[in-house]
Amino acid sequence: MKVLVTGGSGYIGSHTIVDLIDHNILPVSVDNFSRSSSETLEGIQKICKQSINNYDIDISQADELRKIFELEGDITGIIHFAAFKFVGESVKEPLLYYRNNLNGLINLLDCVKKYNIQQFVFSSSCTVYGNPDQLPVNEQSPILPSQSPYGATKQMSEQIIRDFAQNSSCKFSLLRYFNPIGAHPSAMIGEGSKFPPENLMPILTETALGLRKSLTVFGGDYPTRDGTCVRDYIHVMDIAHAHTKALSLHFQNQNVQTFNLGSGQGVTVLELISAFEKATGIKLNYEIGERRPGDVVAVYADNRKAREILGWELKYSLEEMMSTAWQWQLKKNA
Ligand SMILES: NC(=O)c1ccc[n+]([C@@H]2O[C@H](COP(=O)([O-])OP(=O)(O)OC[C@H]3O[C@@H](n4cnc5c(N)ncnc54)[C@H](O)[C@@H]3O)[C@@H](O)[C@H]2O)c1
């Protein structure tokens, strides 16, 4: 099976390419390196000991995108990661987000029709659940108004796919990620971007390395067990493997399925800091700051559907998420 991976040089795309190759699926990547570096592809090549075919193309350019399908000829599946992902940036530059995240998707769906694609896997996010009233959230939990243009692009993308799927024989898996962290155990690839990180884990490892003076925990007075926000952290290789599983999913009556990809465990920010300290032996310098506008108090997944229907199992513990993220940070700065 040959699969087009959009955003193959990004954080989750690169780990997924490694998992696909491990399972004898041939990936073809398209990434314009707008948010990543070509070094990531070199990392994948070192792990897999084979070269990765990447098209340096902006997928929002429809003609350019079609050329890939014409040149490759036998692509039967698409895994679509390529999108911008920073909540704060999306508030400042909403059109950038709507243009990039929605145009890319629409162009790909045109290709689904034109080139008879059978399987389409889409990167959605737990942001679609907003600030949920009931925990854990399952796939039937209400979709609440989005807190940011980024979140809105994920909700709109899901809707566009559902509408399109009504007249398509392609099978669509919408994977709602919770908080992917960690890195490949080889430390050859991991989380990185051309932009300063907005999420906790890379900020935490940068603080541990001394690249930042201290880590600010946003809010210590939330109604949670220690006053800090609760999230569902999951190892990026576990997320990656769910994509491989989704490609061979046999759909029954409907051709769109939604899956929560989380560990099912709610972990507070302070618990994450303590897990990092325990896994690495490093004491972190942190302070409790003001709440950050737009942050949800607590969200974690009911992941039963992914386990039962995808046959997906979690392999990595919280400790391994910490140690692989740390090894990657050390390698990056060596
Ligand atoms: N990382 C997370 O915490 C998280 C959580 C939920 C959902 N997601 C979603 O998962 C997907 C992958 O996330 P990630 O963390 O790997 O992000 P990332 O920024 O590391 O990777 C995205 C890749 O897509 C590429 N790209 C972006 N726009 C492009 C375009 N128009 N044409 C070609 N390439 C383009 C970038 O260069 C980058 O390499 C995104 O859709 C993101 O919204 C991520």
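Author: By class, 10 nonpolar, 14 polar and four charged residues make up the shell around the ligand. Here Ala, Val, Leu, Ile, Met, Phe, Trp, Tyr, Cys and Pro count as nonpolar, Asp, Glu, Lys and Arg as charged, and the others, Gly among them, as polar. Two notes on the basis follow. The model is predicted: local features need pLDDT of at least 70, side-chain atom pairs count only at pLDDT 80 or more, and totals for chains, interfaces and linings use all residues. Numbering starts from 1 along each chain as its sequence is written.

The ligand is surrounded by 28 residues (C-beta atom, placed from the backbone, within 6 Å). Gly7, Gly10, Ser36, Ala83 and Ser123 are the closest. Elements are DSSP runs, numbered from the N terminus: helices are H or I with at least four residues, strands are E with at least two. Helix α1 gives the largest share, three residues.

Next, the sheet. Strand β5 belongs to an open sheet of seven strands, in the order β3-β2-β1-β4-β5-β6-β11. The pairing is parallel; two strands pair if DSSP finds at least two bridges between them. Strands β3 (53-55) and β11 (256-261) are the edges, each pairing on one side only. Direction ignored, neighbouring strands are turned by 20° against each other on average. Axes are lines fitted to C-alpha atoms, for helices over the stretch in contact; angles run from 0 to 180 degrees between N-to-C directions.

Helix α8 packs on this sheet. It touches β1, β4 (75-80), β5, β6 (171-177) and β11. The direction of α8 makes about 165° with that of β6.

Look at two strand pairs. Five bridges join β1 (residues 2-6) to β2 (residues 26-30), in the parallel sense. Val3 has Pro27 as its bridge partner in β2. Strands β6 and β11 also run parallel, joined by six bridges. Leu175 stands opposite Phe259 in β11. Five of the six residues of β11 are buried, so this strand is largely enclosed by the rest of the structure. Buried means 20 or more other C-beta atoms within 10 Å of the residue's own; exposed means 12 or fewer, and partly exposed lies in between, with C-beta atoms placed from the backbone.

Val3 and Leu175 return in the largest nonpolar core, which has 84 residues. Together with Leu261, they touch the most other members. Such a core is a set of buried Ala, Val, Leu, Ile, Met, Phe, Trp, Tyr and Cys residues joined through C-beta atoms within 7 Å. Helix α8 (residues 236-247) gives the largest share, seven residues. Contact means C-beta atoms, placed from the backbone, within 7 Å.

Last, helix α6 (residues 149-165), which holds Ser157. Ser157 counts as buried because 24 C-beta neighbours lie inside 10 Å. Leaving aside residues up to four places away in sequence, Ser157 touches Asn101, Leu102, Leu105 and Phe122. Ile106, 51 residues away in sequence, is 8.8 Å from Ser157, C-alpha to C-alpha. Thr127 sits in the loop between β5 and α6.

Definitions and conventions. Two residues are in contact if their C-beta atoms, placed from the backbone, lie within 7 Å.
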